[in-house]
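Me: I'd like to go through the terms used for this fold and see what stands behind each of them. Could you take my questions in turn?

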Amino acid sequence: MFSLDEKVVYPGHGVATISRIIEKEFGGKKASFYELVFIGKGATILVPTHCAGDSIIRPLSPESKVDEALKVLSEPAKKILNSEFTASNWNKRNKEYQLKLRTGDLKGLSEVYRDLRYIARYKELSFGEKNLLLQTENLLVEEISLIQCLTQDKTMENLRSKCSCI
């Protein structure tokens, strides 16, 4: 399904390159794995080749998905009332955000990014919110910069300028 040196997205963790396909033997049975080396992170993981296409890894998004994701940033954020800034509401929002993060879909990541930037305009973000905002921004920047052949700094600048957060 995937080939050597192909760049793929491991949802929630970022972009990686398939560095090699290796075979290992477990209990007398052979299994093949993609070795993924994450770009800029120095981390490596193995993903079984037989289940790699089951939302575990995916190819980089097409340009049309990037356009869709950037459009989301300029749309109004989901309105959150001051009374909804409580810890219990954060837990509920965080569950929704984590689901979007695990899919790795650029549009969903853009929604999380936009909404957290909106919240930051009205209150100081908690430690968890700040970390999630940073993680989401990094995931968006990693993939979009590769697709659009831009530096990560330029991509980050574009993301921040497109986010209306109104």
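Reply: Happy to; here are the ground rules, followed by your questions. This is a predicted model, where local features need pLDDT of at least 70, side-chain atom pairs count only at pLDDT 80 or more, and totals for chains, interfaces and linings use all residues. Residues are numbered from 1 along each chain as its sequence is written, and side-chain values use heavy atoms, with hydrogens and water left out.

Me: Why is Ser110 called buried?

Reply: Buried means under 20% relative accessible area, exposed over 50%, and partly exposed in between, with a 1.4 Å probe and protein chains only. Ser110 has a relative accessible area of 1%, so it is buried. This serine sits in helix α3, residues 106–122 (helices are DSSP runs of H or I with at least four residues, strands are runs of E with at least two, numbered from the N terminus).

Me: What makes the pair of Ser110 and Ala69 a polar contact?

Reply: A polar contact is a pair of N or O atoms within 3.5 Å; within protein, one must be able to donate a hydrogen and the other to accept it, and residues adjacent in sequence count only if both atoms are side-chain atoms. Here a polar side-chain atom of Ser110 is 3.2 Å from the backbone oxygen of Ala69. Ser110 also touches Val72, Leu73 and Leu140, when residues up to four places away in sequence are not counted (contact means heavy atoms within 4.5 Å).

Me: And Thr155, is it buried or exposed?

Reply: Thr155 is buried, because its relative accessibility is 2%. Thr155 belongs to helix α5, residues 152–162, and its side chain reaches the backbone oxygen of Thr151 at 3.0 Å. Beyond four places in sequence, its contacts include Val141 and Ile144.

Me: How do you know that β1 and β2 pair?

Reply: Two strands pair if DSSP finds at least two bridges between them. Strands β1 (residues 7–10) and β2 (residues 14–26) have four bridges, in the antiparallel sense. Tyr10 stands opposite Gly14 in β2. Strand β3 (residues 29–38) and β4 are joined antiparallel by five bridges, with Leu46 in β4 as the partner of Glu35.

Me: Why are β4 and β5 at the edges?

Reply: The open sheet has five strands in the order β4-β3-β2-β1-β5, with antiparallel pairing. β4 (44–48) and β5 (58–59) each have a single partner strand, so one side of each is left without a neighbour in the sheet.
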